[in-house]
Amino acid sequence: MNTKAERVEAARLAQLQAFVPQVFAPGTLLYVGASPRRSQFLPELLAAGRAVTLLEIWPANVEHFRGRAGLEVVCGDVRQVATLSLPIARYDVAFWWHGPEHIAREELADTLAGLGQRARMVIIGCPWGASPQAEIDGNSHQRHVASLHPEDFQRLGYRVSTIGHVNGGSRSNILAVKP
């Protein structure tokens, strides 16, 4: 592990393994949001025996993942997850890793409630505080539009773990889990 990005990724994986070890066990998982550049922990989840449905809003990313072994891919918006047609009515886990910062803060509670309707456990990861990011490869959904803090999740009934520090950008992480 030489690069800063690899060290950050390893720290986030260790945080996830310590705080929610059961995520790396067989079962069904709704993985929200992935791109060719970023599909964090997807290989580890598949290797653990998770049957994964990938929910992705950007059509080019959907096409990139379509046909991959172990994945069902659905094009849709997480903000409408409660009403989307998905292959499984209720998953063991909904995993939205570094995605909540891409929707407006005002949409967070309803979106998380929708994920809670679709899964027994919801696991969220996001930067802690401000973490500016513009669109990537023409994908406007990649913009960071919300600056989130542990209390945003705690007040919604989530257990929270953090690494790094507020406004730490890519070096910080909020991990929130419910139930």
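**Entry 1: a strand pair**

I began with V93, whose bridge partner in β5 is M121. Before going on, I noted that this is a predicted model, in which local features need pLDDT of at least 70 and side-chain atom pairs pLDDT 80 or more, while totals for chains, interfaces and linings use all residues. Residues are numbered from 1 along each chain as its sequence is written, and side-chain values use heavy atoms, with hydrogens and water left out.

My element names follow DSSP runs: helices are H or I with at least four residues, strands are E with at least two, and both are numbered from the N terminus. I found β4 and β5 running parallel, joined by six bridges; strands pair if DSSP finds at least two bridges between them. Seven of the eight residues of β5 are buried, so the rest of the structure largely encloses this strand. For burial I used relative accessible area: buried is under 20%, exposed is over 50%, and partly exposed is in between, with a 1.4 Å probe and protein chains only.

**Entry 2: the cores**

Next I looked up the largest nonpolar core, and it has 26 residues. Such a core is a set of buried Ala, Val, Leu, Ile, Met, Phe, Trp, Tyr and Cys residues joined through side-chain atoms within 4.5 Å. Two or more residues each come from β1 (27–32), β4 (91–97), α4 (105–118), β5 (119–126) and β7 (173–178). The biggest share, four residues, is from β5.

L112 is among the residues with the most contacts inside this core. Not counting residues up to four places away in sequence, L112 touches W96, I124, F153, L156 and Y158; contact here means heavy atoms within 4.5 Å. I also noted a second, separate core of 23 residues, including L54, V62, L71 and V73.

**Entry 3: helix α4**

Which residues of α4 are buried? I listed L108, T111, L112, G114, L115 and R118. Down the helix axis they fall within an arc of 160°, so they line one face of α4; the arc is taken from the directions from the axis to the C-beta atoms. Turned away from that buried side are the exposed residues E106, D110 and Q117. The cover over the buried residues includes β1, β4, β5 and α5.

**Entry 4: D152**

I then went to D152, which is in helix α5 (residues 150–154). D152 counts as buried because its relative accessibility is 6%. Its side chain makes a polar contact with the side chain of R155 at 3.0 Å. A polar atom of the D152 side chain also lies 2.7 Å from the backbone nitrogen of H149. My rule for a polar contact was a pair of N or O atoms within 3.5 Å; within protein, one must be able to donate a hydrogen and the other to accept it, and residues adjacent in sequence count only if both atoms are side-chain atoms. Leaving aside neighbours within four places in sequence, D152 is in contact with R105, L108 and S147.

Most residues other than glycine have a negative phi, and most peptide bonds are trans. Here are the exceptions I wrote down. H98, in the loop between β4 and α4, has a positive phi near 50°. N167, in the loop between β6 and β7, has a positive phi near 60°. H98 counts as buried at 9% relative accessibility, whereas N167 counts as partly exposed at 46%. Lastly, the peptide bond from K178 to P179 is cis, with omega near 15°, and P179 sits in the segment after β7.
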